[in-house]
Amino acid sequence: MINDLTTGSVAKQLIMFALPLMLSNLLQTVYNIVDMIVVGQFVGSTGLSAVSIGGDLLNLCTHIVTGFAGAGQIMIAQYVGQKDREAVSRTIGTMFTFIMGLALVMMAGMLVFSDEILGLMNTPAESYAQAKSYSMVCYWGMVFIFGYNTVSSILRGMGDSKRPFFFIGAAAVINLILDLVFVAGLHMDAFGAALATVMGQAFSFIGSLVYLYIKRESFGFDFKRSSFRLDLSTLGPMLRLGFPMALQHCAITLSMLFVNSYVNSFGLVASAVTGVGNKLRSSMGIISNSINTAASAMVGQNMGAKKPERVKHLVWVAFAICMTAFVILASAALIFPKQLFSLFNDDPAILEWAPKYMITFVVAILSFAMMAPFNAVINGIGYASLGFIIAMSDGVVCRIGLALLLGIVFDMGIFGLWMGNALAGFATVIPAMIYYFSGRWQKRKLLVE
C-alpha cells in the first residue's frame, strides 16, 4: 500500500498523485454544491442562504480536523521516506484515538451553542430555522466527517490518493440521489440536504475503514485495542504541528465567517449571492488544495529521503499546473458570469450581482493558484509555526482589515467586503514565496527527526 514518491518523474508522480485528490475534492465540494443547486431550485433564496451559512459552519469544523489529520499525514510521509514502518503504525493508532475523541468533544460543543453561533453569523430571520436544522444534522454526523478525513490522510501519507477517491465517489452518488429524494421528492428542505450529506459521509468513513482493516497487514497496523493507545512520543510532534495547522485553517475560516456575517447583514439576496460565489470559488480551491496536499506528501517523503533537488523541481511543476488552471477558470468567470450563477438560482436579483462578484473571484483564485506550490514546502517540512504566523496575517490582519476598510470605511458596501476578502490571500502568498526563495527550508530539521 506504500507508494515511494522519492524516485521517478516528478511531473508524472505529482499529476498521478494529485489527479485522484482533485477528483476527491471535487466530489466533496459537489456534496455542498449539489445541496445548493437542489435547494436553490426547489426551495429558493431562503434555502440557499441556510445551506450557505450551515455549510460555512461545517467547513470551520472540518478545517480543525484537517489540521491534525494533515499533521499525521506529513509525519507518515516523512516516516515512509525514512522507511520506518513501526513509526507509521504508531502514528496511525495515535491519529485515530486523538481525532475521534476531538470529534465527540466538538460535536457536543456545537450542538449546545448552535443558537449563539447562528446569532454571531447574523443569520437572516427568513432562513434562521432552516440554517439551524441544516447545521444541527451536520453536527450529529461530525464523527463520520472526522473519521473519513483521518483515513484519507493515512492513505495519502503512504502515497495512495486513489482509494479515497473511490470511497468519496460512491458517497457523492449517494448524496445526489438522497438530495433528490429528500428535498425534491419529500420536500424536507435544508434538513433533507444535510441528512443526505451526512449519510454520504457515513458511507465514505465506514467503507474506507473496512478497506484499511482488510489491508492491515500491508502496512503493519493490526487494529487491536492496544494499537489505538495514545503514544506520547508520537502525539507530541503531532500536536506541535497539528495545533498551528488547525489554527491556521481556523483563522482564515473564522475571518471569512466574520466577513460573511457583515454580508449577511445586507439581507437575504446578499447572503445568497455570497453563498453561490463561495461555491464557485471552491473550483480553484479544488485544484490548488489538491496540488498542495499532493506536493506536501511528496515534499515530506523527499525531505525524509534527503532529496531537496526533487523538491525544487516539484515546486515549479506545481506552479505551472496551478497557473494554467487559473487562466481557464478566470476566463470562464469573466465571460459567463450570469450563466455560472444561474446554475444555482435564476433569481434576477441574484444574477444582477454576478458580474461584479466575478471581478473579486478572479483576484481570489489568483492567490489560490500562487499559494499552493510554496505552501506545500512549508507544510511538507512540518514548519507549522511559520504557517500559523502567515495564516494569522492573512485571516485576522488582512482579511478582516481589508474587508472592513474597503466595505465600511471606504463605503464600497458588499463589493468592498468581497474584494477585501479576495485580496487577503496574497498575505499568504508573499511570505511563503520569500521563505522558499531564501533556501532556508533545505536546512530545517524535519518533524520526525
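**Entry 1: helix H17**

I began with helix H17, where Gly413, Ile414, Phe415, Gly416, Leu417, Trp418, Met419, Gly420, Asn421 and Ala422 are buried. I count a residue as buried under 20% relative accessible area, as exposed over 50%, and as partly exposed in between, with a 1.4 Å probe and protein chains only. Helices (H or I, at least four residues) and strands (E, at least two) are DSSP runs, numbered from the N terminus.

**Entry 2: ground rules**

I am working from a predicted model, in which local features need pLDDT of at least 70 and side-chain atom pairs count only at pLDDT 80 or more, while totals for chains, interfaces and linings use all residues. Residues are numbered from 1 along each chain as its sequence is written, and side-chain values use heavy atoms, with hydrogens and water left out.

**Entry 3: the whole chain**

I looked up the secondary structure and found 18 helices and 0 strands in the protein chain. I then checked the radius of gyration, which is taken over C-alpha atoms; the globule rule is 2.2 Å times the number of residues to the power 0.38. For 449 residues a compact globule would come out near 22 Å, and the chain has 21 Å, which agrees. I noted the span of the C-alpha trace along its principal axes as about 60 × 45 × 35 Å.

Of the 449 residues, 60% count as buried. I take a contact to mean heavy atoms within 4.5 Å. Among contacts between residues at least 6 apart in sequence, 83% join residues at least 24 apart.

The accessible surface of the chain is about 17100 Å², and 69% of this belongs to carbon and sulfur atoms. Accessible areas come from the Shrake-Rupley method with a 1.4 Å probe; for residues, only the protein chains shown count as cover.

I also looked up the charges: the mean positions of the 27 positive and 21 negative ones are 14 Å apart. Lys and Arg count as positive and Asp and Glu as negative, with His and the chain ends not counted. The place of a charge is NZ of Lys, CZ of Arg, CG of Asp or CD of Glu.

**Entry 4: cysteines**

I searched the whole structure for disulfides and found 0. Cysteine 138 is in no disulfide, and the nearest cysteine sulfur, that of cysteine 61, is 9.2 Å away. The cut-off for a disulfide is a pair of cysteine sulfur atoms within 2.5 Å. Cysteine 138 counts as buried because its relative accessibility is 1%. I also looked at cysteine 322, which is buried at 0%.

**Entry 5: helix H5**

Valine 137 is found in H5, residues 128-140, and is buried at a relative accessible area of 12%. Leaving aside neighbours within four places in sequence, valine 137 is in contact with Phe191, Ala194, Leu195 and Val198. Methionine 371 is 234 residues from valine 137 along the chain, and their C-alpha atoms are separated by 33 Å.

Serine 135 also has its place in H5, and is buried at 1% relative accessibility. With neighbours within four places left aside, I found serine 135 in contact with Gly54 and Leu118.

**Entry 6: positive phi**

Most residues other than glycine have a negative phi. Histidine 187 sits in the loop between helix H7 (162-185) and helix H8 (189-214), and is exposed, with a relative accessible area of 58%. Aspartate 189 also has a positive phi, near 55°. Aspartate 189 lies in helix H8 and counts as partly exposed at 29% relative accessibility.

I looked up phenylalanine 326 in helix H12, residues 308-335. At 13% relative accessibility, phenylalanine 326 is buried. Not counting residues up to four places away in sequence, phenylalanine 326 touches Met284, Val362, Ile365, Leu366 and Ala369.

Asparagine 302 is in helix H11, residues 268-304, and is buried at 2% relative accessibility. With residues up to four places away not counted, asparagine 302 touches Leu5, Thr6, Lys307, Arg310 and Val311. Asparagine 302 and tyrosine 134 are 168 residues apart in sequence, and I noted 43 Å from C-alpha to C-alpha.
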